[in-house]
Amino acid sequence: MATTDYGSDISCVSDLDPNLTVVSGPLGVIQAVVRRLQTPRGFLWYDKNYGTDLRAFLNGKPSKFRIAQAIESEALKEERVQRADATVTITTDAITVELALTLAEGTFDLTISVTALTVELISFAQAA
């Protein structure tokens, strides 16, 4: 089976990797999606439709459905993502997201933790 060329980028989820490690393959796509989920909409001057900062959902009482819909919509803006399915758990001070991303090479399950300060990729693995 041929592997898909997803391009490459410097590793960067919440901050630039100080070693400037280059990532490619599905990990590069996963990091790109997580960056979208921590960037406020309109923050990038060259792409005003980029981003949905999940931390903003902690200020108020949005439904799990609304948050999941926003996550899926933002993930699908990443052209390398074919499908996105999110499940959201809300606690007093955090949101946990279980996100299944379907790429050309298969489905990858991600767990993302959202607090007032961070959007953190906790784990990811290719689905069985």
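I began at I10, which lies in strand β1. Strands here are DSSP runs of E with at least two residues, helices are runs of H or I with at least four, and both are numbered from the N terminus. I noted that this is a predicted model, in which local features need pLDDT of at least 70, side-chain atom pairs count only at pLDDT 80 or more, and totals for chains, interfaces and linings use all residues. Residues are numbered from 1 along each chain as its sequence is written, and side-chain values use heavy atoms, without hydrogens and water.

I looked up the exposure of I10 and found a relative accessible area of 30%, so I10 is partly exposed (buried is under 20%, exposed is over 50%, partly exposed is in between, with a 1.4 Å probe and protein chains only).

The twelve residues of α1 should span 16 Å at 1.5 Å a residue, and its end C-alpha atoms are 18 Å apart, which agrees. The expected span is 1.5 Å times one less than the number of residues.

I then asked how many of the twelve residues of α1 are buried. Eleven are, so the helix is largely enclosed by the rest of the structure. Among the buried residues are G25, P26 and V29. Their cover includes β1 (8–10), α2 (64–76) and β4 (95–103).

Last, I examined R36, which is buried with a relative accessible area of 9%. Leaving aside neighbours within four places in sequence, R36 is in contact (heavy atoms within 4.5 Å) with Y50, G51, T52, E74, K77 and E78.
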